[in-house]
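Me: I'd like to go through some labels on this model and ask what stands behind each one. Here it is.

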Amino acid sequence: MYRDYDSNEIAADNKYKGKLLKVTGTVESINSDFVDEAVVEITAGGFLETVSAEGDSNFTNTAATLSKGQEITVLCRGAGEIMGFPMMDDCVFQ
């Protein structure tokens with residue numbers, strides 16, 4: 001997903017945006033957004049190559065139990081790209 005967006009944002013939006021996506025990967029970081037909801041960054045392999053996952057309060061509560069380096073699976077809706085980083089929202093942990 002990261003590489004697709006890096007290569008061609010328009011084509012990647014056609015492929016991922018608004019679609020239901022099941023993603024498995026390694027937690028790069030756990031942060032909070034401007035309304036204190038969790039943003040889990042999933043590594044895409046390279047330095048500063050991540051995909052962001054966001055969800056509701058249940059997602060935030062579960063994110064509070066995660067650790068960097070942990071493998072997770074999330075079911076999300078593709079939300080496009082912001083400032084070079086692919087985004088997913090409405091995420092739930094599997």
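**Labels and their cut-offs**

Reply: Let's start with M83, which is exposed, with a relative accessible area of 77%; the word exposed is used over 50%, buried under 20%, and partly exposed in between (1.4 Å probe, protein chains only). This is a predicted model, where local features need pLDDT of at least 70, side-chain atom pairs count only at pLDDT 80 or more, and totals for chains, interfaces and linings use all residues. Residues are numbered from 1 along each chain as its sequence is written, and side-chain values use heavy atoms, with hydrogens and water left out.

Me: What makes the phi of M83 worth a remark?

Reply: Most residues other than glycine have a negative phi. M83 isn't a glycine, yet its phi is positive, about 50°. You'll find M83 in the loop between β4 and β5, a hairpin with two residues between the strands. Strands here are DSSP E runs of at least two residues, helices are H or I runs of at least four, and both are numbered from the N terminus.

Me: How do you know that β4 and β5 pair?

Reply: Two strands pair if DSSP finds at least two bridges between them. Six bridges join β4 to β5, and they run antiparallel. One example is L75, whose bridge partner in β5 is V92. Strand β3 (residues 50-55) also pairs with β5, in the parallel sense over three bridges, and A53 stands opposite M88 in β5.

Me: Why are F59 and F93 called stacked?

Reply: Rings of Phe, Tyr and Trp (its six-membered ring) pair if their centres lie within 6.5 Å; planes under 30 degrees apart count as stacked, over 60 as edge-to-face, and the rest as tilted. A search of the whole structure finds two aromatic pairs. For F59 and F93, the centres are 4.6 Å apart and the planes at 10°, so that pair is stacked. F59 lies in helix α3 (residues 57-63) and F93 in strand β5 (residues 85-93), so the pair ties together parts that are 34 residues apart in sequence.

Me: Is F59 buried or exposed?

Reply: Buried: the relative accessibility of F59 is 2%.

Me: And what about D36, buried or exposed?

Reply: Exposed, with a relative accessible area of 61%. D36 sits in the loop between β1 (20-32) and β2 (38-43), and has a positive phi of about 65° although it is not a glycine.
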